[in-house]
Amino acid sequence: MPDFEPIHGKPYVAVPYRPDRMPADESVTKAAELRRRMDERRTVRMFSADPVPEQVVLDAIAVASTAPSGAHQQPWTFCLVTDPEVRRRLREAAEAEEQVSYDGRLGEEWLTALRPIGTDAVKPHLTDAPYLIVVFQQRYFLDETGEKHKHYYVDESVGIAVGMLLTALHLAGLSALTHTPSPMRFLGELLGRPRNEKAFAVIPVGYPAPDCVVPDLTRKSLDQVLVRV
């Protein structure tokens, strides 16, 4: 596979794009099936330690990396963490920050919003799930001369990529959650990431535990989220 060459500063080059058009009836069927399958997705906080084929996780990350991004700068890094000691230290640091948050840093309004979800400062999923994917956003990049260049629409680009990652994992039969300890600076330090990268989310990945439970939630209906103009 050739090395990636960023297109920054290069002239616009158009290439043909002629995907096969799916028949309308097949499209309707596939859309309905996708809607049904994604409606089954739940955020899981109770993971089995059963092993997961690594290739499934790698393919899901590859899917996420096809996400659209500002100026096609792909400002993301997916750090796959399996080392037990690293994960123990990560959990310890995350729980320390979370305890401060739950003790008052979050504010009563946020704590009230979280109450129906049943979360607290204890995060066993960080060590129980077979994989952790720590997603970093690259605020800027350095060219071959060492000159610093800004990335554009970083939050939007990385957010879309994470959404696609969660979708790919679910469709491959895995469960996940998005964990965002605040502040997250410790993640870059613990994982040795460069200064241009800022932690965006920690995503534990695996199979649900046999005794897994989730909050009793109701999603908004299509009519409640859709506005026709």
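## A pairing to start from

Alanine 176 stands opposite valine 205, a residue of strand E6. Here a strand is a DSSP run of E with at least two residues, a helix is a DSSP run of H or I with at least four, and both are numbered from the N terminus. This is a predicted model, in which local features need pLDDT of at least 70 and side-chain atom pairs count only at pLDDT 80 or more, while totals for chains, interfaces and linings use all residues. Residues are numbered from 1 along each chain as its sequence is written, and side-chain values use heavy atoms, with hydrogens and water left out.

## Strand E6 and its partners

Two strands are said to pair if DSSP finds at least two bridges between them. Strand E5 (residues 175–176) pairs with E6 in the antiparallel sense over two bridges. E2 also pairs with E6 in the antiparallel sense, over eight bridges, and there tyrosine 131 has valine 205 of E6 as its bridge partner.

How many of the 10 residues of E6 are buried? Eight are, so the strand is largely enclosed by the rest of the structure. Buried means under 20% relative accessible area, exposed means over 50%, and partly exposed lies in between (1.4 Å probe, protein chains only).

## The nonpolar cores

A nonpolar core is a set of buried Ala, Val, Leu, Ile, Met, Phe, Trp, Tyr and Cys residues joined through side-chain atoms within 4.5 Å. The largest one has 24 residues, of which Val57, Phe78, Ile133, Leu165, Ile203 and Val205 touch the most other members. Helix H2 (54–64), strand E1 (76–81), strand E2 (131–138), helix H6 (154–171) and strand E6 (197–206) each supply at least two residues of this core. Its largest share, eight residues, comes from H6. In soluble globular proteins, nonpolar side chains tend to be buried together.

Take a look at isoleucine 203: leaving aside its neighbours within four places in sequence, this residue is in contact (heavy atoms within 4.5 Å) with residues including Ile133, Leu165 and Ala176. A second, separate core of 15 residues includes Val81, Ala94, Leu187 and Leu190.

## Two loop residues with positive phi

Glutamine 74 sits in the loop between H2 and E1. Its phi is near 45°, a positive value in a residue other than glycine. Tyrosine 153, in the loop between strand E4 (148–150) and H6, has a positive phi of about 55° although it is not a glycine.

Which of these is buried, and which exposed? Glutamine 74 is buried, with a relative accessible area of 19%, whereas tyrosine 153 is exposed, at 60%.
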